[in-house]
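Subject: Structure handover

Hi,

Here is the structure I promised to pass on to you. Please open it alongside this email.

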Amino acid sequence: MEDSHPRQLLSFVGWYRPTVQRAWLYVRGPRPKIDLQDPPPFLNLTFHSGRRAYSLGLEPALVRATRHLQSPWFFAVFAAAYIVALAFLAREQAWLTPPEDYIGCTSVWWTQNAGCGLDGVDCTPFANASFSFRCPAQCASVTLHNPRTVGNERVNFVPLLVGGGDPEVTYRGDSFICAAAVQSGKISDSRGGCVTLSLVGSFTNYLPFTANGLTSLGFPSTFPLSFQFLPETDLTHCTDLRNDALIFNVLITVLLFWLLRPKPILTFWSLFCIGFWHVTLFSQPRANPPPIDAAFQTFLPALFVAYAFWRVAWRFTLPAFRLAPLESSVLYLSGFWVGVLANLTMDKIPIDRLTAADIRGREGAITALVIIILILLAIVINQVRVIRKTGWLPHYLAWYVAGGLVVLVISQLPGLELRIHHYIIAMVFMPGTAWPTRLSALYQGFLLGLFLNGVAAFGFDSILQTAADLQRDGPSGSALPAFLTNSTNFNTSLPLQNQTLFWNPISAAVSGDGYDGFALLVDDVLRYMGPATNYTLSALTVGIPHFFRLAYTSSGQAADFTMPATLWPNGTWVDPLPGAT
């Protein structure tokens, strides 16, 4: 019995070494390394009838029929004609409307919380004025990305629309103007358009309604600024041509694969340029008219990344389909245009940013993330299987492990949060597609389009961002004051004109943060800012609900507001829920 442990150890070592060696040999793959065969054209069909076989070579037939179009001079003339046509299309799209007449999909007349100043003086005029605007297309899908409070309701991930259900179609002043124009039927969501807005001042009891795929909120109290749309506008050249440009560019890329068939590297650069400028000029311009200087600021470094894409992936895959123009067009262009239009094709996925706070805060985001991870895992496993067959798996594993360690280190830097933009996802996964397979071609097209969608629309945003960068217009996490008035001490026997609202003074615990006063929102309008700890309700209208939110101020700047306390017409006081607005 004394030598049982050494025998067990020797037995384990005898089993362990060959097992590890076999695993390593499997991961390492064949030696010497091998190249995969080019896939045979899928559309070279053969039919059998008895003892006879009939071949239908669609790909060779197309190649023979279009061989006279392979001249470099023809490609040069075609490219020049395309650039001229694109320039005229872009001019018609963006440069015939005066720049000052453009507004964005999230443009509003009244900004949230204390943004319009005391009694809204910074957002005047309230009435007796009209303005004409041009709205871009696809504003119905542009939504809030932080919760917004309207009365005692909170909404998120929808266009902000308040009112519009009355006979005059009256909207509250903080509604998204272009989404309101779509809902009211003044413009088309697919084509955009021009509208003339008329400010009509104070309004009470905004009614909700649903039309044209959009639903607005109601607001049962009074708001000082409202707008309606006039039946006519004096602006011209109002049609958004992004759909026309999409059809044009898709057709050009199809012709590129089917008829012109230039050298693979020219095909790659053509796709890159077409996709970049389509996003820049049409599908997701950073402003209107598109800022060409900012576009070129991104375009030049993007060229260097694209060259890396060609060197590490595309040059090994695209030439493998040189005799299959129909099949390659389906594989590459389907993924490419899905990626270029990621703002539309992935709009229904309930994930806006890959940050923990965003994923926790949106319904369905965790489920969607799990599904995406499972799909990515299946794709990665399949690509690893392909790479192992060639003997290159250790090389790729070493680079990906090294990159992962670098990301892990920088993600721990204090005061910064890791932000994986979709252009970074494309850069990470592109090297793993460097194989002549149909799935690799599909992935390459998608990843190139995804990269272009990211950098052309937003630039090369940093992989590390501060909490302030990610905050947008959401709460900052500041301290919150508390109402002294509550549901237990509110005197319902007193008329509204004799009521006074009270709150706690600044405590010693938060005085060191520089707070010197309070800001009070009454019915979503800033009605008081100062050091007092009470506010008389004598000026409020009787018979309608009222909503109150309170914040600390520092040097005249309001911090986060509380959730709303509600005073109903029957005198019932409802305390605010926990949380900030």
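Below is what I found in it, starting with the conventions and then going feature by feature.

This is a predicted model, in which local features need pLDDT of at least 70 and side-chain atom pairs count only at pLDDT 80 or more, while totals for chains, interfaces and linings use all residues. Residues are numbered from 1 along each chain as its sequence is written, and side-chain values use heavy atoms, with hydrogens and water left out.

Let me begin with helix 7, residues 292–317: a straight helix of 26 residues would span 38 Å at 1.5 Å a residue, but helix 7 spans only 33 Å between its end C-alpha atoms. The expected span is 1.5 Å times one less than the number of residues. Helix 7 bends by about 50° at Trp310, where the bend is the angle between axes fitted to the seven residues ending there and the seven starting there.

Trp310 is also among the buried residues of helix 7, which include Ala294, Phe299, Val305, Phe309 and Trp314. Buried means under 20% relative accessible area, exposed means over 50%, and partly exposed lies in between (1.4 Å probe, protein chains only). The cover over these buried residues includes helix 6 (264–283), helix 8 (325–340), helix 13 (422–429) and helix 14 (438–458).

Because 13 of its 16 residues are buried, helix 8 is largely enclosed by the rest of the structure.

In helix 14 you will find Ser440, which is buried with a relative accessible area of 0%. Leaving out residues up to four places away in sequence, Ser440 touches Thr317, Gln383, Thr433 and Trp435; contact means heavy atoms within 4.5 Å.

**Cavities and a pocket**

The search used a 1 Å grid over the protein atoms alone: a cavity is a set of points where a 1.4 Å probe fits but cannot get out, a pocket is an open set with protein on both sides within 12 Å along at least five of seven lines, and lining residues have an atom within 4 Å of a point. Grid points are joined across faces, edges and corners, and a volume is the space filled by probe spheres set on the points.

Across the whole structure there are four cavities of 30 Å³ or more. For the classes, Ala, Val, Leu, Ile, Met, Phe, Trp, Tyr, Cys and Pro count as nonpolar, Asp, Glu, Lys and Arg as charged, and the others, Gly among them, as polar.

The second largest cavity comes to about 50 Å³. Helix 3 (72–95) and strand 3 (127–135) each supply at least two residues of its lining, which divides into five nonpolar, two polar and three charged.

The second largest pocket holds about 470 Å³ of space. It is lined by 21 residues, and those closest to its centre are Asn146, Arg353, Ala357, Asp358 and Leu470. Helix 10 (356–361) and helix 15 (467–471) each supply at least two of its lining residues, and the class counts are eight nonpolar, nine polar and four charged.

**Backbone points to check**

Most residues other than glycine have a negative phi, and most peptide bonds are trans. The bond from Arg31 to Pro32 is cis, with omega near 0°, and Pro32 lies in the loop between helix 1 (4–28) and strand 1 (44–49). Thr124 and Pro125 are also joined by a cis peptide bond, with omega about 5°; Pro125 sits in the loop between helix 3 and strand 3.

His237 is not a glycine, yet has a positive phi of about 55°; at 38% relative accessibility, His237 is partly exposed. Asp523 likewise has a positive phi of about 55°, but is buried at 5%, in the loop between strand 16 (517–522) and strand 17 (525–530).

Best wishes

Conventions. Helix = DSSP H or I, 4+ residues; strand = E, 2+ residues; numbered from the N terminus.
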